[in-house]
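Thanks for asking me to look over this one. Here are my notes, written to be read with the structure open beside them.

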Amino acid sequence: MSNVPRKPAGPVGIPDPWNILGKFTAARIGLGRAGGSVPTRPLLDFQLSHARARDAVHHTLDVQALAVRLRETGREVLTLLSAAPDRSTFIARPDLGRILGASSKAALEAKALPNEPFDVAFVVADGLSAMAVEAHAAAFLDTILPRLDADGWRIAPLAIVEQGRVAVADEVGALLHAKLSVILIGERPGLSSPDSLGLYLTWDPLPGRSNAERNCISNIRPPEGLSYALAAHKLHFLMTESRRRKLSGVDLKEDAPALASTGAPDRLEQAG
Amino acid sequence: MAVYTHIVGAVTYRFEDLRTLLAKATPARSGDRLAGIAAATAEERVAAQMTLAEVPLARFLDEAVVPYETDEITRLIIDTHDAAAFAPIAHLTVGDFRDWLLSYEVDGAALTALAPGLTPEMVAAVSKLMRIQDMVLVARKVRVVTAFRDTLGLPGRLSCRLQPNHPTDDTRGIAAAVLDGLLYGCGDAVIGINPATDNLEQVTRLLLLLDEVIQTYRIPTQSCILTHVTTSMDAMRRGAPMDLVFQSIGGTEAVNRSFGVHAAMLGEADAMARALGRGTVGDNVMYFETGQGSALSANAHHGVDQQTIEARAYGLARQYRPLLVNSVVGFIGPEYLNGREIIRAGVEDHFCGKLLGLPMGMDVCYTNHADADQDDMDTLLTLLGTAGVNYIMGVPGADDIMLNYQSTSFHDTLYLRQTLGLRPAPEFEDWLARMGILEDGLRLAPANASHPLLALADTAAA
């Protein structure tokens, strides 16, 4: 064949002159165009991110390492299992991730608890990104717990739930006799954020609570997302208001400047 | 309660009531399996479809799938049913209704006139007997046109919601994405931000930002901050520049309670926003999002299949003459769906919404724990473009960095317009031409390093 294609002098796809604005956002702006379509290089960048996010969903939480790390705070740490026995069942059966497995439930029921209820129970669950929990949960607790101690909050033993979803904190909170539950949970991995931590607060946790009865702070993921300090500031405010008004969720909405954050913004069940 | 039966070979299939029959007849959907209401076998599903085909449409007016006494959406459906509009099909069974819809004689005008006579359950029922091509063909007959600062849903047009979300609502980050979308010819349906946090101050700040962009560049489009309806009402009371009021809704009173809303609240918000008089060519002011599976997530499905419940959400939405309605088809309860199920669900939702008289768009999307990919999205996108969808989403590079899911992109919008010969909303097309962004309504003008819109980045930084 005499017709060997010549190597082009440069990329055929045309870059966008505003692609320098990418310094203001991680969004995929200024990708350029081939006709009106995405040029090959950003196309393959996307495919790589998707492949990594798929891998993150299936990553398994290293429970023992997390438990060791949390015990360094000097607090009791409970390791629990949801009713979903493994990762693939967890993904296919959200209902099982919302309740404790039989042995974990029995262990909590048998646990000796003080007569006076705890003010708050913290639950840490892998959710849809164990990577998020491994990256951020301990450091966030290091930030918030001393503030609560200083405020006189009575904090229940810390609970780690494997294969857990948001609502599992209702059952854990109820069994630990806590007035308030706060769950730290791995949010569904995005293409650009495989390790985003979410946080849901529920007053008077009981199985059957609805999403409208929770307050959410999402995207805890420094340095790109919310910092631990700001997330702790927001949570501390919400917890204080929740305790004062004895409620959580839509009705807890506050006009306090840049503080309250209510509900998952609209597309619910980010972490399910 | 009636019992519905059908004999297939040696087996007599019995279905306790209409609700059960619909659930057994619905195409395979993992949310219905999780709810424990799906057909046990493939044959049972077809037997249920055969049974359903023989049920008279009039039966749906006598047997509610969620009790009238305990559900305000059932009451809305029954109390607002228009018997005169229903008259032309009052004698048909569900199966005959499918054939009627497909017939040459039934055109867009007939379907528009019919809409108030249809209940969501009738529409859901017939869709269960239809293949994808049937739903594409029938939906394509219907145009639902709405307007605020531009006119959406006209024949030969495809609009796009510019969705410039940012994980910390950073003004410059949002402005950069708005700029990117506008320079790709997107944003005629709405420039709509999902805020990372929905407190009043933040929402007001974002409303002011978008209002300034729209006013400065005289863009014939509207803005929306997708926050809870009560936050939007608070913002309006404080005088914030609110174009559209957003709310996620579902198809039962109980699921809406889980969202913290009810019908009267939506009506109040609609009236407040319309009274502001901010639209220039129309006064449709509501924006609703829905999605199969939300009632299951909220444990509020009453044993009704997720597709029928979704259609009931449209029954609620149409009470408010919305500018925009879209299902977020691969998002709500995404763990229930793979690519194949998302594709069918998207076509069903568009069909049911259009038949009920709604200006249906679609968030063609998936999340990273669904077994789906870009090829699935391209398939659904192309089907919906063919079916005449009013608008799709435009997210930079299809990657929403705040909501952590993949939707469609500005480039996807251009692909669909180019492939199917669809143009932006007319007022917006004129603006794009004036701004030197699109040539001929269909193709991008060469990128211009000194485009006046680039100053938008400085506006936001100021």
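The points below cover chain A and then its interface with chain B.

1. Please keep in mind that this is a predicted model. The values that follow were computed from it.

2. A look at chain A to begin with. Chain A contains 8 helices and 6 strands, and along the sequence they run α-α-β-α-α-α-β-α-β-α-β-β-β-α. Of its 272 residues, 56% are buried. Taking contacts in chain A between residues at least 6 apart in sequence, 69% link residues at least 24 apart.

3. Now the surface of chain A. Its accessible area is about 11300 Å², and carbon and sulfur atoms account for 56% of that.

4. On to the interface. Chain B brings 71 residues to the contact and chain A brings 64 residues. About 5300 Å² is buried between the two chains, with 55% coming from carbon and sulfur atoms. Asn368(B), His369(B) and Asn404(B) provide 13% of the area chain B buries against chain A, more than any other three residues.

5. Which residues form the salt bridge? Arg28(A) pairs with Asp399(B), and their closest N and O atoms are 2.7 Å apart.

6. Finally, the chain B side. Elements giving two or more residues to it include helix H11 (200-216), strand E8 (245-248) and helix H19 (410-420) of chain B. H10(B) gives the most, with 7 residues. By type, the residues on this side are 33 nonpolar, 24 polar and 14 charged.

How values were computed
Residues numbered from 1 in each chain as written. Chains lettered and ligands numbered in written order. Predicted model: local features only at pLDDT ≥ 70, side-chain atom pairs only at ≥ 80, totals over all residues. Heavy atoms only, no water. Contact = heavy atoms within 4.5 Å. Buried area = accessible area lost by both parts, 1.4 Å probe. Salt bridge = Lys/Arg side-chain N within 4 Å of Asp/Glu carboxyl O. Helix = DSSP H or I, 4+ residues; strand = E, 2+ residues; numbered from the N terminus. Nonpolar A, V, L, I, M, F, W, Y, C, P; charged D, E, K, R; others polar. Buried < 20%, exposed > 50% of the residue type's maximum accessible area, 1.4 Å probe, protein only. Areas by Shrake-Rupley, 256 points an atom, 1.4 Å probe, with all protein chains shown as cover.
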